[in-house]
Amino acid sequence: MTRAAYAAEVTVSDGQRHACLGTAAVRNRRLVLLWLRRQALRLANAHGNRLPQEGDPPPPTATSDARPVVFHGTDAPETLRHWATTGQLQDDAIRTLEAGFPLHFTVLDPAVGLSLTLAGWHAFPGHRRP
C-alpha cells in the first residue's frame with residue numbers, strides 16, 4: 001500500500017474565523033497541483049451560482065472536492081481561474097513543491113474581507129501541515 005506523501009487543503013477566512021473547505025492526501029506533488037487546480041477552477045466556475053440549500057439534492061461532485069464558497073465580486077474567481085490556467089504560474093507552483101517548500105496561493109474578495117487559500121505541502125511522517 002502506497003502512503004500519501006503530499007497533502008493539500010483549501011481554506012477560507014474572514015479575518016476572525018478560519019474554516020477548511022476541503023483536503024486531499026496524494027502520492028506525489030503533481031497530484032497535489034492537479035487537485036489544487038481542479039479546486040481553483042471549480043470554485044471560480046461556480047461564481048454566480050446559488051449555493052445548495054438545506055433539502056436540495058447533493059451536487060454531483062467527487063467526495064474529495066472542496067465545499068463551494070460565495071464570492072461577492074469577480075476579482076477572486078478570475079484570479080483563481082488565471083492561476084489555474086497560466087502555464088508559467090503552474091510551472092512556478094510545481095518548482096516550489098519540487099524544492100520542498102509548501103505552496104500557498106491566496107485570493108481576496110475585498111468586498112467582504114474574505115480570503116481563500118489553496119495550499120499544498122510534502123507530508124513528512126508525523127507532520128500535519130506547515
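Two strands count as paired if DSSP finds at least two bridges between them. Helices (H or I, at least four residues) and strands (E, at least two) are DSSP runs, numbered from the N terminus. In these terms Val10 stands opposite Gly22 in E2.

The model is predicted: local features require pLDDT of at least 70 and side-chain atom pairs count only at pLDDT 80 or more, while totals for chains, interfaces and linings use all residues. Residues are numbered from 1 along each chain as its sequence is written, and side-chain values use heavy atoms, with hydrogens and water left out.

**Overall composition**

- The protein chain has 3 helices and 4 strands, and along the sequence they follow the pattern β-β-α-α-α-β-β.
- Of the 130 residues of the protein chain, 35% are buried, where buried means under 20% relative accessible area, exposed over 50%, and partly exposed in between (1.4 Å probe, protein chains only).
- Contact means heavy atoms within 4.5 Å. Among contacts in the protein chain with a separation of 6 or more, 62% join residues 24 or more positions apart.

**The sheet**

- The 4 strands form an open sheet in the order E2-E1-E4-E3, with antiparallel pairing. E2 and E3 are the edge strands, each pairing on one side only.
- On average, neighbouring strands of this sheet are turned by 10° against each other, direction ignored. Such angles run from 0 to 180 degrees between N-to-C directions, and axes are lines fitted to C-alpha atoms, for helices over the stretch in contact.
- Strands of a sheet pair through backbone hydrogen bonds, either parallel or antiparallel.

**Strand E1 and its partners**

- Strand E1 (residues 6-13) pairs with strand E2 (residues 18-26) in the antiparallel sense over 8 bridges.
- Within this pairing, Ala8 has Ala24 as its bridge partner in E2, and Val12 has Ala19.
- E1 and E2 form a hairpin with 4 residues between them, and Gly15 in the turn has a positive phi of about 100°.
- E1 also pairs with E4 in the antiparallel sense, over 8 bridges; there the bridge partner of Tyr6 in E4 is His122.
- E1 is mostly covered, with 8 of its 8 residues buried.
- In a regular strand the side chains alternate between the two faces of the sheet.
- Both faces of E1 are covered: Tyr6, Ala8, Val10 and Val12 are buried on one side, and Ala7, Glu9, Thr11 and Ser13 on the other.

**Ser115 in strand E4**

- Ser115 lies in strand E4. Ser115 counts as buried because its relative accessibility is 17%.
- Ser115 and Ser13 are 102 residues apart along the chain, yet their C-alpha atoms are separated by 5.3 Å.
- Leaving out residues up to four places away in sequence, Ser115 touches Thr11, Val12, Ser13, Thr106, Val107 and Leu108.

**Nonpolar core**

- A nonpolar core is a set of buried Ala, Val, Leu, Ile, Met, Phe, Trp, Tyr and Cys residues joined through side-chain atoms within 4.5 Å.
- The largest such core has 30 residues, of which Leu80, Trp83 and Leu116 touch the most other members.
- At least two residues of this core come from each of E1, E2, helix H1 (29-45), helix H2 (75-85), helix H3 (87-98), strand E3 (103-109) and strand E4 (114-122). H1 gives the largest share, 7 residues.
- Not counting residues up to four places away in sequence, Leu116 touches Val10, Thr11, Val12, Leu21, Leu43, Val69, Phe71, Leu80, Phe105, Thr106 and Val107.
- In soluble globular proteins, nonpolar side chains tend to be buried together.

**Helix packing**

- H1 and H3 pack at an angle of about 140°, with their axes 10 Å apart. H1 is therefore oblique to H3, since angles under 35 degrees count as roughly parallel, over 145 as roughly antiparallel, 65 to 115 as roughly perpendicular and the rest as oblique.
- The crossing of H1 and H3 is right-handed; a crossing is right-handed if the near helix is turned clockwise from the far one by less than a right angle, and left-handed if anticlockwise.
- The contact is made by Arg29, Arg30, Val32, Leu33 and Arg37 of H1 and by Gln90, Ala93, Ile94, Leu97 and Glu98 of H3.
- H2 lies across E3 and E4 and runs at about 155° to E3. H3 packs on the sheet, touching E1, E3 and E4, and its direction makes about 135° with that of E3.
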